Amino acid sequence: MSAAALVAPGDAGGVVVGPLPVPRPSAGEVLIAVRTVGANHLDLHVMHGRGPGATARLPLVPGIDPAGEIVDQGPDVPGDRRGERVVVKPNIACGVCVYCLAGEEADCTDQRVVGGHRDGGAAEFVAVPSRNAIPIGGLDFATATAAVHSVPVALHAIEAAGGIEAGATVLVTGATGAVGAAAVQLARHAGARVLAASTSADVSTAGAEPLRYTDPDDLPALVAARAPDGAGLVVDGTGRGDVLTAAARCLAWRGRLVLCAAASAGDLRLDPRTFYQRRHTVVGAASASYADVARALELVAAGVVVPEIAAEFPLAQIHAAWAALGDRGRRGKVVIRVR
Ligand SMILES: [Zn+2]
């Protein structure tokens, strides 16, 4: 099969596209004929040795979120799944820790990532645990690839922060990123008033009030001008210390700030009095449960959340796809069309 493979750690220069043997599905696994897979910043972290699983085993096929059709299955897979249209949930939960046993796989302490700890989907075929191959019904493959990580992560983050009541004011920072855009749409669906903040020139988002800023320090005044009481919930899709520091100053009485991204830029500075005097809460969320993914795909199929696709590239041009991630004007997912 044709596949992208990381053969030398460092950067995308260590990835070659060429022939590799078709993987064989082990017990409990299915083999997927891949149609689409995303280009993700996580791929670059894996190449640099900073991502999940790092580069312990080379060659490694990248690609965390492939979608396609099941063409084979290993022993111990219940029923006959061949022919099913599926998308892969990137995080594989251990299934035995206290969080997995409670159905809270997002907080599994021993997660493995497709395309990080094991071969991913930037290839014509990928084998994954059957449970991670989530049915997509009639959803098109590129949309499923664009949705399967960002939408469940946003859904899980909002629920981890206690959910959204109709009429609440929700501030989303990083609103034009994949997770942020999903959070905006989910908050609108919940009946919230949504302030969509971004440094992007194209911050307009249907149903939300755009809040363009250049300096994060300006955010509290911009929010106060529109919502003097502040935001009851802030969903941050940037993971940046300077943005989070400003966002924390936008919180209303009993406001909650939920972080669902990580970046290395700067420290988060909080006034400790706000926890006591203003009853603020800061919540960390990452990953998603299997139920979150199923629910997120239902919301996408229903048109509640519409993941944007910025560009598509063939597998042979996967390096151009990764380069497109750095395009500041980009809105939406960069998708690699494998076949
Ligand atoms: Zn677990």
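Buried means under 20% relative accessible area, exposed means over 50%, and partly exposed lies in between. Keep those cut-offs at hand for this tour of a predicted model.

**Stop 1: R131 and E105**

Select R131. Its relative accessible area is 49%, so R131 counts as partly exposed. Is E105 buried or exposed? E105 is buried, at a relative accessible area of 5%.

Next, colour by secondary structure. E105 sits in the loop between helix 2 (98–101) and strand 7 (112–113). R131 sits in the loop between strand 8 (125–129) and strand 9 (133–135). The pair therefore ties together parts that are 26 residues apart in sequence.

**Stop 2: R35 and E69**

Select R35 and E69. They form a salt bridge, with the closest N and O atoms 3.3 Å apart. Here the partners lie in strands: R35 in strand 3 (residues 29–39), E69 in strand 4 (residues 67–73). Parts 34 residues apart in sequence are thus tied together by this pair.

R35 is partly exposed, with a relative accessible area of 26%. E69 is partly exposed too, at 25% relative accessibility.

**Stop 3: D80 and R82**

Move to D80 and R82. Their salt bridge has its closest N and O atoms 3.0 Å apart. Both D80 and R82 are exposed.

How many salt bridges does the structure hold? The count is 13. Side chains of opposite charge can pair when their charged atoms come close.

**Stop 4: the two domains**

Zoom out and colour by domain. The domain assignment gives domain 1 as 2–148 + 308–337, and domain 2 as 152–284. Taken over C-alpha atoms, the domain centres are 29 Å apart.

Now select where they touch. Six residues of domain 1 are in contact with eight residues of domain 2. About 530 Å² is buried between the two domains, and carbon and sulfur atoms give 42% of that area.

Which three residues supply more than any other three of the area that domain 1 buries against domain 2? Select A106, R328 and R331: they supply 68% of it. The side of domain 1 that touches domain 2 has three nonpolar, no polar and three charged residues.

Last, look for pairings across the boundary. The count of salt bridges between domain 1 and domain 2 is zero. Residue pairs in polar contact between the two domains, with both residues at pLDDT 80 or more, also number zero.

Technical notes: Residues numbered from 1 in each chain as written. Predicted model: local features only at pLDDT ≥ 70, side-chain atom pairs only at ≥ 80, totals over all residues. Heavy atoms only, no water. Salt bridge = Lys/Arg side-chain N within 4 Å of Asp/Glu carboxyl O. Helix = DSSP H or I, 4+ residues; strand = E, 2+ residues; numbered from the N terminus. Buried < 20%, exposed > 50% of the residue type's maximum accessible area, 1.4 Å probe, protein only. Domains from an automatic or database assignment. Contact = heavy atoms within 4.5 Å. Buried area = accessible area lost by both parts, 1.4 Å probe. Polar contact = N/O pair within 3.5 Å; in protein donor to acceptor, adjacent residues only side chain to side chain. Nonpolar A, V, L, I, M, F, W, Y, C, P; charged D, E, K, R; others polar.
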